[in-house]
Amino acid sequence: MSGMLPPQHQAFVERVRAGVSRDPRLKALLAGGSYVHGGFDRYSDLDFVVVVESGGYSEVMATRRQFAEGLGDLLSAFSGEHVGEPRLLICLYGPPLLHVDLKFIVAEDLGRLVERPSVLFARDAADIEGRLDAAVIHWPERSPEWFEQRAWIWLHYGAAKLGRGELFEAMGMLAFFRDQVLGPMLHRRAGRAQRGLRRMETWDDAAIQLLARTVAVHDAGSVRDALSAAAEIYLDLRDDEPPGEVTSGMPELLLAYLEGGTGASSQVHAGG
């Protein structure tokens, strides 16, 4: 894959490889994301996994920003607690701008993975490759029950925000619903991994037309139509793999709620 990278990305890969090889606390450098599953272009991020010696892990984690700074012109960086991954350091380099993820793990963490990464450097290649060969690799697909338990609550949340007149909040929920529910279900329909909305525009014209119906402008009627379309599309996609139990009263209750336009605070979830 490395020979097919844009020059900026290739140069950065080489800098990271050199940086890891110089640091005796670091055992290996792996690459994931588009580097391994294809579709890499000049807009792609670089996703690295840095395998750290167990005894030096705490020290590396405490100084990982300094490591990142040594790789190039680091503009900004923050850790990945917001996605449940505190081992991750999310970085922006430039100019030219380049997004780089650096995840720091120990070798024992290679037992369970969502994809098989490429080995870019390893002090003991046989050990790392052996661990990868033995790893349980499983993309976290969501079950029909997962979608059904959440879909109507999220759609009601958007409808409540619409009723209150908080159109930006309702539009935000529609975007969230596309990413968390409709996108994964459309990928499922096509037999692909459930990857949100990733590269949807390049995969499926029919899916684009469906999703476009859920994109609203800042207008109450537009948001109402988008929420109704989202419910309709969800029901169609749900038929592909129905959950064991469906939510009582839906979609009729949601559609009546939308038509009534009620936004009384008593009907809004306490978290809203």
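**View 1. Confidence across the elements of the predicted model.** Among the elements of the protein chain, the lowest mean pLDDT, 80, belongs to helix H8 (residues 200–203), and the highest, 98, to H10. Here pLDDT is the predictor's confidence in each residue, from 0 to 100, and helices (H or I, at least four residues) and strands (E, at least two) are DSSP runs numbered from the N terminus. This is a predicted model, in which local features need pLDDT of at least 70 and side-chain atom pairs count only at pLDDT 80 or more, while totals for chains, interfaces and linings use all residues. Residues are numbered from 1 along each chain as its sequence is written, and side-chain values use heavy atoms, with hydrogens and water left out. The protein chain has a mean pLDDT of 92, with 94% of its residues at 70 or more.

**View 2. The segment of residues 262–272.** Over these residues pLDDT stays under 50. The model has 16 contacts beyond four places in sequence for this segment, a contact being heavy atoms within 4.5 Å.

**View 3. Packing of helix H10 against helix H11.** The axes of H10 (residues 220–238) and H11 (residues 252–260) come within 11 Å and cross at roughly 175 degrees. That makes H10 roughly antiparallel to H11, a term for angles over 145 degrees; axes are lines fitted to C-alpha atoms over the stretch in contact, and angles run from 0 to 180 degrees between N-to-C directions. Arg224, Leu227, Ser228 and Ala231 of H10 meet Leu254, Leu255, Leu258 and Glu259 of H11. By class, this contact of H10 with H11 comprises five nonpolar, one polar and two charged residues.

**View 4. The aromatic cluster of Trp146, Phe147, Trp154 and Phe176.** These four residues form one aromatic cluster, and the structure holds six aromatic pairs (ring centres within 6.5 Å, with the six-membered ring used for Trp). Trp146 and Phe147 pair edge-to-face (planes over 60 degrees apart), at 5.4 Å centre to centre and 85 degrees between the planes.

**View 5. The ring pair between helices H6 and H7.** The ring centres of Trp154 and Phe176 are 4.8 Å apart and their planes lie at 85 degrees, so this pair is edge-to-face. Trp154 lies in H6 (residues 144–164) and Phe176 in H7 (residues 167–189), so the pair ties together parts 22 residues apart in sequence.

Key
Parallel < 35°, antiparallel > 145°, perpendicular 65-115°, else oblique. Nonpolar A, V, L, I, M, F, W, Y, C, P; charged D, E, K, R; others polar. Phe/Tyr/Trp six-rings, centres within 6.5 Å; stacked < 30°, edge-to-face > 60°.
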